[in-house]
Amino acid sequence: MANLINFTKKYLKGRMKDILNLKTFSKSDIIRLLELEGEEMKELFAASSEVRSEYCGNKVYFRGLIEYSNSCRKSCLYCGIRCANPYFTRYTLSDDEVMESANFALRENFGSLVIQSGENNSKAFILKIERLVRKIKQMSDGKLGITLSLGEQTEDTYKRWFDAGAHRYLLRIEASDPSLYKRLHPDDGIHNYADRIRALELLKKTGYQLGTGVMIGLPFQNTGHLADDLLFMKNFDIDMCGMGPYVEHRHTPLYSLSNQLPALNERINLSFKMIALLRLMMKDINIASTTALQAIDPEGRTFALKIGANILMPNITPSMYRDQYNLYENKPGTDESPADSKESLMKIVLDAGCEPVFDEWGDSKHYKNRNEHV
Ligand code: SAH
């Protein structure tokens, strides 16, 4: 009997190596890998960590995250800053506050910053962002790389911001399956899957390094959906990814489904497996170790860097606003200033066995490679 068990273990291990060595993964391979546990899961992490070192080195780049405004025209059913949530105060940073944050990023030697916000497509908003991007470029002598994460906009707006100096854009598809997307968003004409896809296409056409991502552990979501999410990112040929666990927020409609969710430790393990698999599937893209990982596990961001992520996004929003950009509950960094001290960031990176890189943009290698090959 013991022999039979040993034989089976050995066979499975061999089979596992076969799968990990495949050039491309089918949906069923991915599902099988997403369901790994214990020693086999560790093997997956060892493989993704190796690929990261080989294709991206051990370098970790920083993007200071400025949460520009929690006003939002959308009402996504999972998100704490949805416009239909009346239980908190809305804010928008002044130009001076944004410039102070940008100056902080420069002083801390973060090579880049991200400006993220609830969605707003007013003329005033569009012009203000354009002006701020130009000002940050000027103030930093072009040193700070700028990523935007400002939702769905028109082609003209994307172009305007690109011409002003932004060169990366993050727009999560949130869930790549159209029917799952529909269950997570109100059916009111402004939350359309097709519009989201179109926005991603426009961003690529404009010339941005394109980032997308999904939430992991959502209600109604299974490993088949997650496998499709990974294949979606591969097929869309993205340059960057930010994805992390779904964390519920009590003032959102999806909160009523909390009892149907996978346990928090399952959501975080799934998130790690998603990061590891994406690294195997898209070897030279930038993958962020996201804040939501830290919301569930204090070591979450360290572990993500260990197994394949290569980007950290310290929150540099002025501290008085930080607890108001409340996407989900227990969001880290809402009670300290600054949220991530340089020491704590260094510790995260060094504990992961990686090398922190300051004063460099750390662009996606994939973007360079795909443009060289056209
Ligand atoms: N308006 C911008 C930025 C959205 S907020 C845009 O549309 O791109 C940034 C991200 O937070 C979202 O893309 C979403 O994936 C994530 N998020 C929102 N609510 C969340 C929750 N409850 N749990 C985990 N992540 C959440």
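Which helix gives the most residues to the lining of the largest pocket? Point 5 gives the answer.

1. Basis of the note. The structure is a predicted model, in which local features need pLDDT of at least 70 and side-chain atom pairs count only at pLDDT 80 or more, whereas totals for chains, interfaces and linings use all residues. Residues are numbered from 1 along each chain as its sequence is written, and side-chain values use heavy atoms, with hydrogens and water left out.

2. Surroundings of the ligand. The ligand is surrounded by 19 residues, and Tyr-78, Ser-117, Arg-172, Glu-174 and Val-247 are the closest; a residue is near when one of its heavy atoms lies within 4 Å. This shell comprises 10 nonpolar, five polar and four charged residues. In this classification Ala, Val, Leu, Ile, Met, Phe, Trp, Tyr, Cys and Pro are nonpolar, Asp, Glu, Lys and Arg are charged, and the others, Gly among them, are polar.

3. A polar contact is a pair of N or O atoms within 3.5 Å. A polar side-chain atom of Arg-172 is 2.8 Å from an oxygen atom of the ligand. The protein buries 92% of the 560 Å² that the ligand exposes when taken alone, with areas from the Shrake-Rupley method and a 1.4 Å probe.

4. The largest cavity. Cavities and pockets are found on a 1 Å grid over the protein atoms alone: in a cavity a 1.4 Å probe fits but cannot get out, a pocket is an open set with protein on both sides within 12 Å along at least five of seven lines, and lining residues have an atom within 4 Å of a point. The count is three cavities of 30 Å³ or more. The largest has a volume of about 870 Å³, taken as the space filled by probe spheres set on the points. The ligand sits in this largest cavity, meaning that more than half of its atoms lie within 2 Å of the grid points. Of the 41 lining residues, Gln-116, Arg-172, Glu-174, Tyr-325 and Leu-327 lie nearest the centre. By class, the lining has 20 nonpolar, 13 polar and eight charged residues.

5. The largest pocket. This pocket holds about 490 Å³ of space. Its lining has 19 residues, with Leu-20, Asn-21, Val-51, Leu-280 and Lys-283 nearest the centre. Helices H1 (2-20), H3 (38-56), H9 (223-236) and H10 (264-281) each supply at least two lining residues; helices are DSSP runs (H or I) of at least four residues, and strands (E) of at least two. H3 gives the most, with seven residues. The lining has 10 nonpolar, two polar and seven charged residues.

6. The second largest cavity. About 110 Å³ of space lies here. Among the lining residues are Arg-63, Thr-147, Cys-241 and Met-313. Strand S7 (240-241) and S9 each supply at least two residues, and S9 gives the most, with three. Eight nonpolar, three polar and one charged residues make up this lining.

Notes. A polar contact is a pair of N or O atoms within 3.5 Å; within protein, one must be able to donate a hydrogen and the other to accept it, and residues adjacent in sequence count only if both atoms are side-chain atoms.
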